[in-house]
Amino acid sequence: MSAKTPTASLTVLTDLVLPGETNFLENLFGGELLARMDRACSIAARRHSRRIVVTASVNHVAFNKAVPVGSVVTIEAKVSRAFKSSMEIYADVWIEDRQSGERTKVNEGIYTFVAVDETGKPVPIPQITPESDLEKERYEGALRRKQLSLILAGRLNPKEATELKALFI
Ligand SMILES: CC(C)(COP(=O)(O)OP(=O)(O)OC[C@H]1O[C@@H](n2cnc3c(N)ncnc32)[C@H](O)[C@@H]1OP(=O)(O)O)[C@@H](O)C(=O)NCCC(=O)NCCS
């Protein structure tokens with residue numbers, strides 16, 4: 001399997017925030033945004049692996065700015081690193097000013113998807129070669145985040161988290 005680039009998985013989802021999707025402050029409901037991000041990341045993971053993919057974990061979501069009703073929301077999802085069967089996908093969330101069109105980044109999320117066969121068994125996926133500085137930075141940090149995610153899920157003994165430990169030595 002030859003390596004791919006993050007750009008090959010780029011998925012852009014643009015949609016409106018409608019009144020039924022907001023909280024009492026008339027801002028986008030967090031769960032609605034998570035679902036949209038999950039969809040975008042799922043498509044990016046599928047584009048990278050060309051397999052069935054499932055969400056394994058949501059490693060980090062920062063709701064930095066509220067997204068008011070009526071906003072045009074764009075989610076850009078890209079695979080940042082591929083491991084054996086799992087992929088880390090970054091979802092960057094933007095809104096745009098109605099008049100100027102200027103974009104503001106409001107949120108980001110980091111998802112892990114696993115490529116599986118028809119029986120749900122993990123399968124190997126192509127590796128990834130980052131190109132831009134941001135892609136390289138995200139690629140470098142991905143193993144640390146994977147180890148942290150596995151520790152939190154009770155799937156890795158902290159003593160075996162070599163990458164994480166290296167941060168504190
Ligand atoms: C995710 C899933 C496929 C993992 O299957 P598994 O039989 O436990 O397989 P493994 O332990 O070999 O893990 C497979 C890969 O997932 C990774 N993984 C599993 N759980 C993870 C987690 N919480 N965080 C990060 N990576 C995780 C493993 O590190 C491994 O990665 P690698 O192959 O790239 O090294 C399985 O747990 C599953 O099907 N979960 C339900 C998925 C689902 O329904 N999602 C929708 C939520 S409603």
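Helix H2 lies across strands S2, S3, S4 and S5 and runs at about 75° to S3; axes are lines fitted to C-alpha atoms, for helices over the stretch in contact, and angles run from 0 to 180 degrees between N-to-C directions. The model is predicted: local features need pLDDT of at least 70, side-chain atom pairs count only at pLDDT 80 or more, and totals for chains, interfaces and linings use all residues. Residue numbers start from 1 along each chain as its sequence is written. Helices (H or I, at least four residues) and strands (E, at least two) are DSSP runs numbered from the N terminus.

**The sheet**

- Five strands form an open sheet in the order S1-S3-S4-S5-S2, with antiparallel pairing; two strands pair if DSSP finds at least two bridges between them.
- S1 and S2 are the edge strands, each pairing on one side only.
- From one strand to the next, the twist averages 25°.
- Ten bridges join S2 and S5 in the antiparallel sense, and His-60 has Ile-110 in S5 as its bridge partner.

**Helix H1**

- H1 covers residues 30-49, and its 20 residues reach 28 Å from first C-alpha to last, close to the 28 Å expected at 1.5 Å a residue; the expected span is 1.5 Å times one less than the number of residues.
- Buried residues of H1 include Leu-33, Met-37, Cys-41 and His-48; a residue is buried if 20 or more other C-beta atoms, placed from the backbone, lie within 10 Å of its own.
- The buried residues of H1 pack against S1 (11-16), S2, S3 (72-82), S4 (86-96) and S5; contact requires C-beta atoms, placed from the backbone, within 7 Å.
- Just after H1, Arg-50 takes a positive phi of about 55°.

**Tyr-111**

- Tyr-111 lies in strand S5 and counts as buried because it has 26 C-beta neighbours inside 10 Å.
- Not counting residues up to four places away in sequence, Tyr-111 touches Asp-38, Cys-41, Thr-55, Val-58, Asn-59, Ile-89 and Ala-91.

**The ligand shell**

- The ligand is surrounded by 18 residues, the closest being Phe-83, Lys-84, Ser-85, Ser-86 and Ser-149; a residue is near a molecule if its C-beta atom, placed from the backbone, lies within 6 Å of it.
- S2 (52-63), S5 (103-116) and H2 (133-152) each supply at least two residues of this shell, and the largest share, four residues, comes from S2.
- The shell divides into eight nonpolar, seven polar and three charged residues; Ala, Val, Leu, Ile, Met, Phe, Trp, Tyr, Cys and Pro count as nonpolar, Asp, Glu, Lys and Arg as charged, and the others, Gly among them, as polar.

Methods:
Buried ≥ 20, exposed ≤ 12 C-beta atoms within 10 Å, placed from the backbone. Contact = placed C-beta atoms within 7 Å.
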